[in-house]
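Me: Hello! I am new to this protein and would like to get to know its pockets. Could you walk me through them?

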Amino acid sequence: MDKFVTKRNDLLAEQVIKNLKSRQMEGHYVQTKEEALSLALELIPEGSSISWGGSMSIKAIGLPEALHKGNYKVLDRDLCATPEEKAEMMHQALNCDYFLASCNAISEDGILVNIDGNANRVAAISYGPENVLMIVGMNKIVRSAEDAYARAKYVAAPINGQRFEGLPCAKTGVCSNCKSPKSICCQTLITRFSHVPNRIKVILVNEELGF
């Protein structure tokens with residue numbers, strides 16, 4: 001990472017963390033994926049029940065693998081044998097101790113924006129799990145809430161859409177406001193405040209992570 005980019009990100013992260021705190025959310029900042037993994041494991045007590053959605057950022061830092069090796073109750077939907085088992089586990093995840101996620105975008109003043117298809121991720125972020133732990137690269141910090149929505153819809157979603165067949169954005173790379181039966185943009189969650197202090201914990205990472 002260029003030293004001037006790092007200097008700017010250090011200063012920006014300080015402001016974002018301050019603004020998250022004003023919204024009763026907890027913020028942390030680390031320089032590397034390795035530091036993010038170490039901090040995440042420090043924040044999650046052993047014995048906790050843990051689940052996650054389809055976050056690429058938590059996979060990028062190796063968090064799921066580390067949790068499987070540790071002393072935790074891991075609810076991993078990718079290990080389910082049938083669609084019915086997977087659906088049941090996704091419902092169980094709404095009552096876990098820690099739900100892991102990233103964020104499609106965060107505004108400089110601490111507003112979180114997420115767009116989802118099945119909505120299990122945005123459901124868990126808004127209500128259910130006792131704690132939500134987000135791993136967020138500094139590439140996802142934008143100026144305003146409006147910019148955060150634009151990034152989620154017009155940048156993150158078309159890239160994420162490349163993982164799935166049958167979506168217009170998978171063919172064009174551009175959001176077409178589709179009503180495809182396979183749409184991954186069904187629900188939008190804007191989180192501007194947490195009634196439960198520090199329920200949402202954000203680890204900002206000075207690396208490019210996820211979409």
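Below, we take the pockets of this predicted model in turn.

Me: How much space lies in the largest pocket, and how many residues line it?
Reply: Happy to start there! The space in this pocket comes to about 760 Å³. Around that space, the number of residues in the lining is 33.

Me: Which residues of that lining lie nearest the centre of the largest pocket?
Reply: The lining as a whole has 33 residues. Those nearest the centre are G54, D116, N160, R163 and F164.

Me: Which element gives the most to the lining of the largest pocket?
Reply: Let's begin with the elements that give two or more residues: α3 (56-60), α5 (83-92), β6 (112-116), α6 (120-126) and α7 (145-160). With four residues, the one that gives the most is α7.

Me: By class, how many residues in the lining of the largest pocket are charged?
Reply: Good one to ask! The lining has eleven nonpolar and 13 polar residues. The charged residues there number nine.

Me: What volume does the second largest pocket have, and which residues are closest to its centre?
Reply: Its volume is about 220 Å³. The second largest pocket is lined by 15 residues. Closest to the centre are I125, S126, Y127, S194 and R199.

Me: Where does the largest share of the lining of the second largest pocket come from?
Reply: Two elements give two or more residues to this lining, α6 and β9 (187-191). By class, the lining has eight nonpolar, five polar and two charged residues. The largest share, three residues, comes from β9.

Terms used: Residues are numbered from 1 along each chain as its sequence is written. This is a predicted model: local features need pLDDT of at least 70, side-chain atom pairs count only at pLDDT 80 or more; totals for chains, interfaces and linings use all residues. Side-chain values use heavy atoms; hydrogens and water are left out. On a 1 Å grid over the protein atoms alone, a cavity is a set of points where a 1.4 Å probe fits but cannot get out, and a pocket is an open set with protein on both sides within 12 Å along at least five of seven lines; lining residues have an atom within 4 Å of a point. Grid points are joined across faces, edges and corners, and a volume is the space filled by probe spheres set on the points. Ala, Val, Leu, Ile, Met, Phe, Trp, Tyr, Cys and Pro count as nonpolar, Asp, Glu, Lys and Arg as charged, and the others, Gly among them, as polar.
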